[in-house]
Amino acid sequence: MNKVEDIKNNIMKISRRDICIMEVCGTHTMSIARTGIRSLLPKNIRIISGPGCPVCVTPSGEINAAIQLAKDDKFIIATFGDMLKIPSENDFLQNYKNVKIVYSPLDSLRLAKESPDKEIIFLGIGFETTAPLIGSTIRTAERDKLNNFSVLCMHKIVPPAIDVILGNDPDKRIGGLILP
């Protein structure tokens with residue numbers, strides 16, 4: 001027997017009933033596809049995509065607000081790279097020179113120190129798991145007296161979406177969740 005069959009047999013030992021597992025985030029979707037996890041699962045275990053990542057489910061109104069800020073040269077918009085290609089009314093953040101990719105909210109503070117004549121606006125996007133880091137960044141900006149730093153909060157919370165999904169499932173077909 002090969003390794004794939006060994007994995008499938010071990011999974012089958014754990015559960016012989018049909019199970020549907022929902023992943024919540026687009027990053028999960030891509031990782032599951034890239035690593036071939038579905039091919040390792042026996043037929044009785046399915047993985048389905050759920051509500052989506054916080055970037056993908058951002059309402060167009062929030063993207064429009066960020067784009068309007070990006071159009072004003074007195075601002076520098078600091079954001080994670082995945083926000084650049086989210087469309088809104090045929091426009092994208094990537095079209096503006098004052099939009100900068102950061103890898104951490106703390107990188108936005110460096111921008112604020114380097115550009116004291118500009119307002120640095122960090123797009124606070126993510127699930128509730130990223131909110132503490134962004135909150136800590138706000139406190140650091142306050143401590144360092146960076147008066148040219150602000151956050152456009154675009155956070156999404158997972159529990160209400162999960163409540164709706166599970167609440168509308170009278171047969172409880174979803175047997176597990178892969179969460180952020």
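In the predicted model, a salt bridge joins Asp-144 to Lys-113, with 3.7 Å between the closest N and O atoms. Asp-144 is located in the loop that runs between helix 6 (131–143) and strand 6 (149–155), whereas Lys-113 belongs to helix 5, so the contact ties together parts that are 31 residues apart in sequence. The two partners fall into separate accessibility classes: Asp-144 is partly exposed, at a relative accessible area of 30%, and Lys-113 is exposed, at 52%. The value for Lys-113 places this residue in the exposed class because the cut-off for that class is over 50%.

The side chains of Arg-110 and Glu-114 form a salt bridge with an N to O distance of 3.4 Å. Both residues lie in helix 5, which spans residues 105–114, and their spacing of four residues corresponds to about one helical turn. Arg-110 is partly exposed, with a relative accessibility of 41%.

Another salt bridge is found between Asp-73 and Lys-97, whose closest N and O atoms are 3.2 Å apart. Here, both partners are loop residues: Asp-73 lies between helix 4 (60–70) and strand 3 (75–79), and Lys-97 lies between strand 3 and strand 4 (99–101), so the interaction ties together parts that are 24 residues apart in sequence. Asp-73 has a relative accessible area of 45% and is therefore partly exposed, while Lys-97 reaches 63% and counts as exposed. In total, six salt bridges are counted in the model, among them the pairs Asp-144 with Lys-113, Arg-110 with Glu-114 and Asp-73 with Lys-97.

Pockets were also examined. The largest pocket has a volume of about 240 Å³. Its lining comprises 13 residues, and those nearest the centre of the pocket are Cys-25, Thr-27, Pro-54, Asp-82 and Gly-126. When the lining is divided by class, eight residues are nonpolar, four are polar and one is charged. Asp-82, one of the residues nearest the pocket centre, is that charged residue, because Asp counts as charged and the lining has one charged residue. Cys-25 and Pro-54 are likewise among the residues nearest the centre, and both belong to the nonpolar class because Cys and Pro count as nonpolar.

Note on methods. Residues numbered from 1 in each chain as written. Predicted model: local features only at pLDDT ≥ 70, side-chain atom pairs only at ≥ 80, totals over all residues. Heavy atoms only, no water. 1 Å grid on protein atoms, 1.4 Å probe; cavity = no way out; pocket = protein on both sides within 12 Å on 5 of 7 lines; lining within 4 Å. Points joined across faces, edges and corners; volume = space filled by probe spheres on them. Salt bridge = Lys/Arg side-chain N within 4 Å of Asp/Glu carboxyl O. Helix = DSSP H or I, 4+ residues; strand = E, 2+ residues; numbered from the N terminus. Buried < 20%, exposed > 50% of the residue type's maximum accessible area, 1.4 Å probe, protein only.
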